Amino acid sequence: MGEFVGVDPENLKELTKRLEQLHELLARHSPLIQQKMQKWGSEVAVTSLPGLIAAALDDVRDMDARTTRAYELARQQGWSALGRAPGVLGLTSNRPPNVRLDWEATGQSGYQGERDAETLAAALAAKDPEDARIALLGLPESLRRHLADKDYQAAFWAGAGPLALRAARALYERAGSALFSAESVSVLRALGASLAAASQMRVGTGKDRRPLLPAATRATLTGSSDPWSVGMLVKYGPEGRSWDSRLLADLTRAMLDARAAGKTIWPPARGKLETDVDASRHQRLMAEYDAVGAVLQRAAENGMAARHVLGDPATGLKYARMLVSDSWHTPGYDASLYSSAYLDPVSRDAAPGYLEPPGKIDTSSSTAAFLKAAVSAERGTSTDAKESAWSVVHIAQATADFSKLHPQTVLPREIRHALIYTADRYLPDFAASASHEFTASIAMQRGEDAANPWAPVVRPAELEALFGQALQEPKEFGAYKGKMDGRISVAVAATIRDPSDQNYLREMGGLYGMIQRIQGDHHFAEEQLKDEQATRTQTAISIISGGFGALSFSNPLGPGTITQILVALAAPPLNAMFDTDFALQAFKSNADDFRAQVLHVEAPVLQGLILAGAINPPDDASWVKNGVVTRTAAMADWMSRHSDTRYSGKTFTEWVKEAQDAMRLQQ
Amino acid sequence: MMRRRLASLLAVAVCTQMLASCTRIEPPTSPETGEAERRGQALVAVVQCFVDHNVLARSEAESHSWFENGKVQQTAALVDWASSHAETSFSGKTLQVWEDEATAGWPGWRCPL
C-alpha cells in the first residue's frame with residue numbers, strides 16, 4: 001500500500017488532460033526537435049527523447065487511472081455529476097468533493113485494467129443492449145490508450161477474458177439492417193486490437209520468457225462456448241500480422257473443431273424468418289458475419305498461423321481434411337417453409353428434398369486464402385519452411401481422401417485454385433516423386449541433409465488426386481501446361497549445366513505425363529482445346545520472358561540450385577512488353593499441322609538449349625526476341641535444318657525425343 | 001532400335017500378365033498409376049541388387065533411413081535418393097537405365113549381377 005492523499009477529482013482530470021496534450025505535442029514534434037538540435041550542433045543528448053516521450057505516456061495513463069478512481073470514490077460518497085441547485089431551474093453539473101486515494105496503487109495502470117474489466121462485466125451483464133452500449137462508451141478509448149501497456153493488458157484480460165469473448169453476442173442489434181451499431185463496432189474493434197496486442201506481448205527474460213497472456217487466459221479464448229462471438233473479435237480486430245501466430249493457430253483449431261462438432265458458429269437469427277426474403281437476408285448476414293471465415297482470413301494474413309495449423313505432423317492432416325471440402329457455404333434454408341411450399345406441394349411430398357436448399361452462399365474464399373498461406377513460407381531450412389512442406393503433404397492427402405469419399409464431387413473453384421497455386425509452387429518437388437509409388441508421403445530435407453531445404457515428397461496416387469481436383473477447365477490445363485513448358489526449358493538447361501545427377505527433364509516429363517492423362521479423362525471438345533493451347537502458349541512465354549532475364553547460367557551451379565530456380569519461376573511476372581500476338585495469330589490461321597509441328601516440346605527444348613548456351617541463334621533469327629523463342633514458321637524451318645546438329649552431346653532431335661519419351665507423348 | 005522394340009513388346013506382355021494377376025491388391029486408378037506402382041517396386045529391387053553385390057557400399061546404404069536390417073525400404077527417402085542419383089553410374093549403367101529395364105521386366109526382373 002502506498003500513501004493516501006487528498007485530491008480534487010476535477011483538478012486531477014485537468015492535470016491528466018494537460019499531460020496528455022504535452023505527450024501529444026512531444027510525440028508529434030519529436031523528429032523535428034531531433035533534426036533541429038542536430039542541425040544546430042547542440043550538445044544536448046536527444047537520443048533519450050523517445051524514452052522520455054514513452055515515459056510521458058505512462059504518466060498520462062497513471063494519472064488517468066487515478067482520475068477514474070477519484071470520480072468513483074466521489075460517487076461512493078453520494079456525489080452525482082448532475083444535480084439540482086437551489087433556485088436554479090433544470091439540472092446543473094456538480095463539482096465532485098475532495099476524496100482521499102492511494103496515490104501509488106491507483107497510479108499503476110494495472111489498476112485501470114481491472115477497472116475497465118469490471119466496467120465491461122457490468123455492461124455486458126445488462127439485459128438491454130442499449131444499456132450495455134451506454135456503459136461501454138468510454139471503453140474503446142481506454143483500451144486504445146493502453147494498447148502497448150503490459151500492466152494494463154495483463155490485468156484487463158485476466159479480469160475480462162471470458163466476458164470480452166461474449167461481447168458480440170451481448171452487443172448485436174435485435175432488429176434493423178446492420179447487426180452492430182457504430183458504437184458496438186467501435187467496442188469490438190478496440191477489444192480485438194487489445195487482444196491482438198496482448199497476444200504478442202512477452203514477459204520475463206531468458207528461460208523465464210513467456211507470453212503475457214497466461215495459459216489459463218489463452219485456454220478461455222480457445223475453449224469458449226461461444227465461438228461466433230470470439231470470431232467477431234477477430235473479424236473486427238486488426239490485420240493478421242498484428243496477432244501472435246500461435247494464438248491465431250489455436251483459435252483456428254478451436255473454430256474448426258467447434259464447426260465440426262456442430263456448435264453455433266453463425267450469427268443469431270433475429271426474430272422469426274417469416275418469408276423467403278427474410279430467410280435469404282439471413283443467409284447474407286451469415287456470410288457477412290462468418291466467424292470461422294473471419295478467423296481463417298486473419299490466420300491467412302498472418303501466414304505462420306496457417307502453417308502452424310496445417311504443418312503439424314500430428315494434427316495437420318485432420319484440419320486439412322476439414323478445409324479441403326465442398327462444405328464451405330452458408331447452410332441455406334428450406335424453401336418448403338416459405339412461399340415455394342405453395343407452388344408445388346404435391347411433387348414435394350412425393351419426393352422430399354427434391355429442391356436443393358436455396359440461398360447457400362459460398363464462403364470458400366477465406367478457406368482458400370488459408371490453404372494458400374499454409375504453403376507459402378519462403379523455401380529453406382527454417383521451421384517455417386518445414387511447416388509449409390508438411391502443409392503441402394497434408395493438403396495433398398486431404399484432397400485424395402476427399403476424392404475417394406466423393407468421387408463425383410468437384411471442390412469449389414476457390415479451393416481448386418488454392419490447389420493449383422500449391423501445385424505450381426511445389427512443381428519441381430512434385431515432379432521428383434511423380435514416377436515412383438512408395439509407402440507414405442512426408443516432408444523431408446532433400447538427401448536427408450540438414451543443410452538442404454525442406455521439400456514435400458508426395459505419393460503419385462495423391463498427386464494424381466490433387467491434379468484431378470485442381471484442374472477442371474481447358475484454360476486451367478493450358479495455364480498449367482504452359483508453366484511446365486517454361487520449366488522444361490529450365491530442365492533442359494539444367495541437365496547440361498547442373499553438376500548433380502538429377503535428371504530434371506525426365507522428372508518434369510513424368511509429371512507432365514500425369515497432367516496429360518488427367519486431361520485426357522475430361523474429353524474436351526476441339527474448340528475448348530484451342531483455348532487451352534492459347535493459354536498455354538501465353539503462360540510459357542510469360543514465364544520465360546519474365547523469369548530468365550534475371551537468371552545467369554554462366555556460373556557453375558551447385559546441387560539444388562536448379563530446384564531453387566524452378567521455384568523462383570513459380571510466380572512469373574506477366575510481361576506486357578512481350579508480344580504474343582504473332583504466335584497466336586500464326587497457329588490460329590494455319591491450324592492443325594502448324595500446332596502439330598511446333599507446339600509440342602520442340603520450342604521449350606530449343607528455349608532450354610539457348611538458355612544453357614548450347615545453341616547460339618543467328619543474329620538475324622526472327623524467332624528469337626530478347627532471348628525468348630517465338631513459335632513461328634521460321635522457327636520450325638530452322639529446327640528442321642538443324643535436327644541432326646549436336647548440342648552438348650546430343651542431336652537436337654535426341655533432346656526432343658528424350659523430352660517426348662519422358663512425357664510419354666510418343667506415338 | 002531392335003532392343004527398344006523388344007523391350008516394348010516385353011513390357012506389353014508383362015503388363016497383360018500384371019493386369020490378370022493383380023486383382024488381389026487394390027486396383028490402380030489408371031494404367032499409369034500401375035506404372036508408378038511397378039516403378040516403385042522395381043527401384044527397391046534394383047537398389048537392393050546394388051547393395052547385395054556391393055555395387056553400392058553397404059556403409060553408404062546404412063547412412064540412409066531407407067535401409068533397415070539389410071533391406072531397402074520403399075519410402076519417400078528412397079525416392080528422394082533416386083531422384084538425386086538418376087544419372088549416377090552403377091556397374092556401367094545409370095540408375096535411370098537400371099530402373100527403366102527393371103520396370104519394363106517387372107515383376108519378372110531378376111538382379112543380373
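Modeller: This is a predicted model. Start at the interface. Between chain A and chain B, nine residue pairs are in polar contact, both partners at pLDDT 80 or more.

Biologist: Which elements of chain A supply at least two residues each to the side that touches chain B?

Modeller: Four elements do: α22 (427–433), β7 (442–445), α23 (460–470) and α25 (504–522). The largest share comes from α25(A), with three residues.

Biologist: How do the residues on that side of chain A divide into nonpolar, polar and charged?

Modeller: Eleven are charged, eight nonpolar and seven polar.

Biologist: What makes Arg446(A) and Asp80(B) a salt bridge?

Modeller: Set the distance against the cut-off. The closest N and O atoms of Arg446(A) and Asp80(B) are 2.4 Å apart. The rule asks for a side-chain nitrogen of Lys or Arg within 4 Å of a carboxyl oxygen of Asp or Glu. Therefore the pair qualifies as a salt bridge.

Biologist: How many salt bridges does the rule find across this interface?

Modeller: One.

Biologist: How many residues of each chain are in contact across the interface?

Modeller: 26 residues of chain A meet 30 residues of chain B. Together the chains bury about 2,200 Å², and 49% of that is on carbon and sulfur atoms. Of the area chain A buries against chain B, 28% comes from His436(A), Glu437(A) and Asp501(A), more than from any other three residues.

Biologist: Where does His146(A) lie, and which residues does His146(A) touch beyond four places away in sequence?

Modeller: His146(A) sits in the loop between α6 (139–145) and α7 (150–165) of chain A. The residues touched are Arg61(A), Asp64(A), Ser109(A), Gln112(A), Tyr152(A) and Gln153(A).

Biologist: Now the partner chain. What pattern does chain B follow along the sequence?

Modeller: Chain B has five helices and four strands. Their order is α-α-α-β-β-α-β-β-α.

Biologist: What share of the residues in chain B is buried?

Modeller: Of 113 residues in chain B, 42% are buried. The accessible surface of chain B is about 6,300 Å², with 57% belonging to carbon and sulfur atoms.

Biologist: What share of the contacts in chain B with a separation of 6 or more joins residues 24 or more positions apart?

Modeller: In chain B that share is 55%.

Note on methods
Residues are numbered from 1 along each chain as its sequence is written. Chains are lettered from A and ligands numbered from 1 in the order in which they are written. This is a predicted model: local features need pLDDT of at least 70, side-chain atom pairs count only at pLDDT 80 or more; totals for chains, interfaces and linings use all residues. Side-chain values use heavy atoms; hydrogens and water are left out. Contact means heavy atoms within 4.5 Å. Buried area is the accessible area (1.4 Å probe) that two parts lose on being put together, summed over both. A polar contact is a pair of N or O atoms within 3.5 Å; within protein, one must be able to donate a hydrogen and the other to accept it, and residues adjacent in sequence count only if both atoms are side-chain atoms. Ala, Val, Leu, Ile, Met, Phe, Trp, Tyr, Cys and Pro count as nonpolar, Asp, Glu, Lys and Arg as charged, and the others, Gly among them, as polar. Buried means under 20% relative accessible area, exposed over 50%, partly exposed in between (1.4 Å probe, protein chains only). Accessible areas come from the Shrake-Rupley method with a 1.4 Å probe; for residues, only the protein chains shown count as cover.
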